[in-house]
Structure formats: structure tokens, C-alpha cells
Amino acid sequence: MEIGIRAGNCRQLWTMPHRAILREMRASDAEAIERLIAVSPEAGQWSAAGFFSSESKGVLVRIAENHGTILGMVAFRMVAPEAEILNVAVSPEFRRQGIGKLLIDYALAEARSAGAKHVFLEVRESNLAARALYARLGFSEAGRRRGYYRNPVEYALLLSRALA
Ligand SMILES: CC(C)(COP(=O)(O)OP(=O)(O)OC[C@H]1O[C@@H](n2cnc3c(N)ncnc32)[C@H](O)[C@@H]1OP(=O)(O)O)[C@@H](O)C(=O)NCCC(=O)NCCS
């Protein structure tokens, strides 16, 4: 896989056989993201309206897209000097092609350049795919939150890593 930077500070990636870009979320993406989240039950179940509610102010959402098809999304926020990854999902048919890693790498690079020194997130203990991805990205366990998740009730692992 080859990665490049396009004018307008938008990172592009090329994969075979598809070609995709990483970019900011637009209002017109909301329904496609809601569909992506609906087929990703392990992701935070945000509604389209939720992306634009007052509570989501300060939440940054980045999208991987290929010719109008949303392949994946990551949502994060900055509370300097920390950043928090809030949600991530990749369309089931495009998983294990490096898109989740690219989305999080992109969020981490953006957080770093905005001054974040540390990043953290929560993940269900049973979510082995996400835990493997975060381990690959250098996150380690910083704590556990008992009964944090509902349906089913489950521990959250608090993961963190420094942003050098
Ligand atoms: C977790 C998720 C975002 C990963 O996206 P992805 O695009 O498939 O991940 P990548 O292809 O970038 O994977 C990078 C690395 O993470 C690890 N990984 C990712 N998915 C994995 C899986 N199912 N099993 C084991 N390792 C996995 C591997 O080390 C992988 O590298 P490799 O393919 O070279 O072995 C995706 O599975 C998803 O959308 N899950 C549902 C939503 C979710 O769980 N969100 C997280 C909430 S905290």
C-alpha cells in the first residue's frame, strides 16, 4: 500500500483494487455513517443526528471514502493535552485491509499536531478485533471500568499511549 498527501491537507491512500481518500466528515455523510454503524454493533451506536448535536461539539470525524462509498470512520476529540478516540468502524467487506489502522493513524497525527501528548480510549473487553488493532498501534491497558457497557453489561478496558 502506498500513502500520499493531497493538496488541501487531505491524506490519500491507494490500495489494490480500490482507491480511497481520507477526509473530514460532511453533513451529507451522516446517513451513510449511520448505516456503517448499524452493521458494526461493536462500535458506539451513534445516530446521524447525534453527530451534529450540541453534545458532539468539538468531536472531529474523519472518513475513508472510495468514489462516494464510505469505507470507514473515526471520531475523536481533543481536551489538551489529551486526545480521546471516541468511535471507529470499518465497513465489514473492507476489514483487514489496513483502513482501521490508517484512520486511527490519521487521527493520532492530527491530534499530535494540535498539541496532544497522550491519547486514550475505551474498548469492550470482548472486542478482540479492536483490541488487536489498538495493540498494533501501541496502546496499552491503563485501567478497567467495571459495568461500563450495557447490552451486554461488560468491563471497558481503558487503553492509552503517548504521542511522541
Ligand atoms: C476494529 C476495526 C475498526 C478494525 O478495522 P480494520 O480496517 O479491519 O483493521 P485493519 O485492517 O487496519 O487492521 C490492522 C491490524 O489490526 C489487527 N486486527 C484488526 N482486525 C483484527 C481481527 N479481526 N482479528 C485479529 N487482529 C485484527 C491486525 O493486527 C491487523 O493487521 P493485519 O491485518 O496485518 O494482521 C473493525 O474490525 C471494525 O469496524 N469493527 C467493528 C467496530 C468496532 O469494534 N469498533 C471499535 C470500538 S472500540
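The model is a predicted one, in which local features need pLDDT of at least 70 and side-chain atom pairs count only at pLDDT 80 or more, whereas totals for chains, interfaces and linings use all residues. Residues are numbered from 1 along each chain, following the sequence as it is written.

The protein chain has 3 helices and 9 strands, where helices (H or I, at least four residues) and strands (E, at least two) are DSSP runs numbered from the N terminus. Along the sequence these elements follow the pattern β-β-β-α-β-β-β-α-β-α-β-β. Of the 164 residues in the protein chain, 25% count as buried; a residue is buried if 20 or more other C-beta atoms lie within 10 Å of its own, exposed if 12 or fewer, and partly exposed in between, with the C-beta atoms placed from the backbone. Among contacts between residues at least 6 apart in sequence, 54% join residues at least 24 apart, a contact being a pair of residues whose C-beta atoms, placed from the backbone, lie within 7 Å.

Turning to the ligand, 20 residues surround it, the closest being E42, R95, G100, A129 and A132; a residue belongs to these surroundings if its C-beta atom, placed from the backbone, lies within 6 Å of the molecule. The elements that give two or more residues to this shell are β6 (82-90), α2 (99-113) and α3 (128-136), and α3 gives the most, with 5 residues. By class, the shell has 10 nonpolar, 5 polar and 5 charged residues, where Ala, Val, Leu, Ile, Met, Phe, Trp, Tyr, Cys and Pro count as nonpolar, Asp, Glu, Lys and Arg as charged, and the others, Gly among them, as polar.

Strand β9 (residues 154-162) pairs in the antiparallel sense with strand β7 (residues 118-124) over 7 bridges, and two strands are said to pair if DSSP finds at least two bridges between them. One of the positions concerned is V123, whose bridge partner in β9 is L157. Strand β8 (residues 140-149) also pairs with β9 in the antiparallel sense, over 6 bridges, and here E141 stands opposite L159 in β9. The hairpin of β8 and β9 has 4 residues between the strands, and in this hairpin N151 takes a positive phi near 50°.

A last stop is V61, which is found in strand β4 (residues 59-66). Why does V61 count as buried? V61 counts as buried because it has 21 C-beta neighbours inside 10 Å. Leaving aside its neighbours within four places in sequence, V61 is in contact with M25, F51, M73 and A75, while its C-alpha atom is separated by 8.7 Å from that of R23, 38 residues apart along the chain.

Terms used. Contact = placed C-beta atoms within 7 Å.
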